[in-house]
Amino acid sequence: MNGMRRLFAAALVIVCAPLHAAGISEPKVAEIERLVKAFMAANKIPGLSIAVVADGAVQWSNGYGLADVENAVPATATTLYRSASIGKTMTATAAMQLVEAKKLDLRGDIRDSCPAFPAKPWRITPWNLLTHTSGIRHYGGPHDLEEQFSAVHYASVAAAMAPFKDDPLLFEPGTKFSYSTYGFDVLGCVVEGAAATPFLTYMHDRVWVPANMTSTRDDDPAAIVPHRAAKYTVIEGRMQNAPAIDMSNRLPAGGYLTTAVDLGRFIEALLDERLVKRSTLDAMTTPARLPSGETVPYGLGWGVETEEWHGDRWVYHGGSSPGASGFLAMMPKHRFGVVFLTNLENLVGRPELAEDIARVVLDFGPRK
């Protein structure tokens, strides 16, 4: 496979007891663990947590290395990490629930639900936000670093649009694909308005609770959160604590705390139609098409391989923010999913690791 997704190993690797492994054979678990340990060693990762969904349920999960190096706290399957952009899949699910409930028009004007976002020369639709075709910019420009490493706390999703909402659009909405974290910030405002419910309340009540995601919450730096992983970066070959930031400037785009097990349960809930209908999930995991006829490798909140693999769609989302990176992938027809989260930013090779684990679990054979 290829496409947009190609986008300190701890001297002591502590292995915690897996949650369960009922549906995955011991030889397969051993091979997954070999792949994980090799990935950690190659990338000098302090801690990693993983969950695998097979036959539509979380069949195995585990933690490796250290969630907190300074205090020698082992990583477990339920260690909390920053979701980074993997969180876009959750926010997209919330939006599509509202579409199903006819509280949100996928092709309507976002300002109907989010009037705090200023009028632009062209109308922007929720579909544009979900497919990254809105023309709203991503990070960048003269304030790039201060935006990515922001320590400002925003009290609401509407207030968090302040750094970018008055900037001009990059292009007419719908005509191009351009990945935009800020577009998903606006989507959070749209969800809040369409639901007539505070954004985090809606996420908790309608996404996390139905999916049994018991630990997932906002990544509030001031809160005392048990089992939250420390965050690290590597500079000139040496591991350091990552800068302290406040993710409220991108909460709907990835400012959540979550666990590997919770994200495995999220996949379970999607496959079991507990969050959205199967037809809605199919729409979310189908590549978007522009008026030009061009197909883009992104659906509604999910990265999507444009060519099928073993008669199925490989759908996924990566995420990387200061002090964290991870990857989530799913094959809906195979009722398979894998997610791993780490406390180190900017890791290369995450899509390949996810693919290799899928090959092991689903007996597809190794990459050639």
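I started at Arg313, where a polar atom of the side chain lies 3.1 Å from the backbone oxygen of Thr306. This is a predicted model, so I'm reading computed positions throughout.

**Arg313, continued.** I looked for another backbone oxygen within reach and found that of Glu305, which the Arg313 side chain reaches at 3.1 Å. Where does Arg313 sit? I placed Arg313 in the loop between strand S9 (303–304) and strand S10 (315–321).

Next I went to S2, residues 57–68. How many residues of S2 are buried? I got 11 of the 12, so this strand is largely enclosed by the rest of the structure. I noted two pairings for S2. With strand S1 (residues 47–54) the sense is antiparallel, over 8 bridges, and Leu48 stands opposite Tyr64 in S2. With strand S3 (residues 73–74) there are 2 bridges, again running antiparallel, and Leu66 has Pro74 in S3 as its bridge partner.

**S6 and S7.** I went on to another hairpin. Strand S6 (residues 232–235) is joined to strand S7 (residues 238–241) by 4 bridges, and the two run antiparallel. Ile235 has Arg238 in S7 as its bridge partner. Which residue in this hairpin takes a positive phi? I found Glu236, near 50°, in a hairpin with 2 residues between the strands.

**The three-strand sheet.** I traced an open sheet of 3 strands in the order S4-S8-S5, with antiparallel pairing. Its edge strands are S4 (81–82) and S5 (217–218), and each pairs on one side only. I followed S4 across to strand S8 (residues 256–258): 2 bridges join them, running antiparallel. At one position I have Arg82 opposite Leu257 in S8.

**Thr125.** Is Thr125 buried or exposed? I read a relative accessible area of 7% for Thr125; the cut-off for buried is under 20%, so Thr125 counts as buried. I found Thr125 in the loop between helix H2 (87–100) and helix H3 (126–131). Setting aside residues up to four places away in sequence, Thr125 touches Leu106, Arg107, Gly108 and Ile110.

**Cavity.** Rolling a probe the size of a water molecule over the atoms shows where empty space is left. The largest cavity came out with a volume of about 30 Å³. What lines the largest cavity? I listed Phe117 and Lys120, then Gly135, Ile136 and Arg137, then Phe164, Lys165, Asp167, Pro168 and Leu169. I sorted the lining by type and got 5 nonpolar, 1 polar and 4 charged residues.

Methods: Residues are numbered from 1 along each chain as its sequence is written. This is a predicted model: local features need pLDDT of at least 70, side-chain atom pairs count only at pLDDT 80 or more; totals for chains, interfaces and linings use all residues. Side-chain values use heavy atoms; hydrogens and water are left out. A polar contact is a pair of N or O atoms within 3.5 Å; within protein, one must be able to donate a hydrogen and the other to accept it, and residues adjacent in sequence count only if both atoms are side-chain atoms. On a 1 Å grid over the protein atoms alone, a cavity is a set of points where a 1.4 Å probe fits but cannot get out, and a pocket is an open set with protein on both sides within 12 Å along at least five of seven lines; lining residues have an atom within 4 Å of a point. Grid points are joined across faces, edges and corners, and a volume is the space filled by probe spheres set on the points. Ala, Val, Leu, Ile, Met, Phe, Trp, Tyr, Cys and Pro count as nonpolar, Asp, Glu, Lys and Arg as charged, and the others, Gly among them, as polar. Two strands pair if DSSP finds at least two bridges between them. Buried means under 20% relative accessible area, exposed over 50%, partly exposed in between (1.4 Å probe, protein chains only). Contact means heavy atoms within 4.5 Å.
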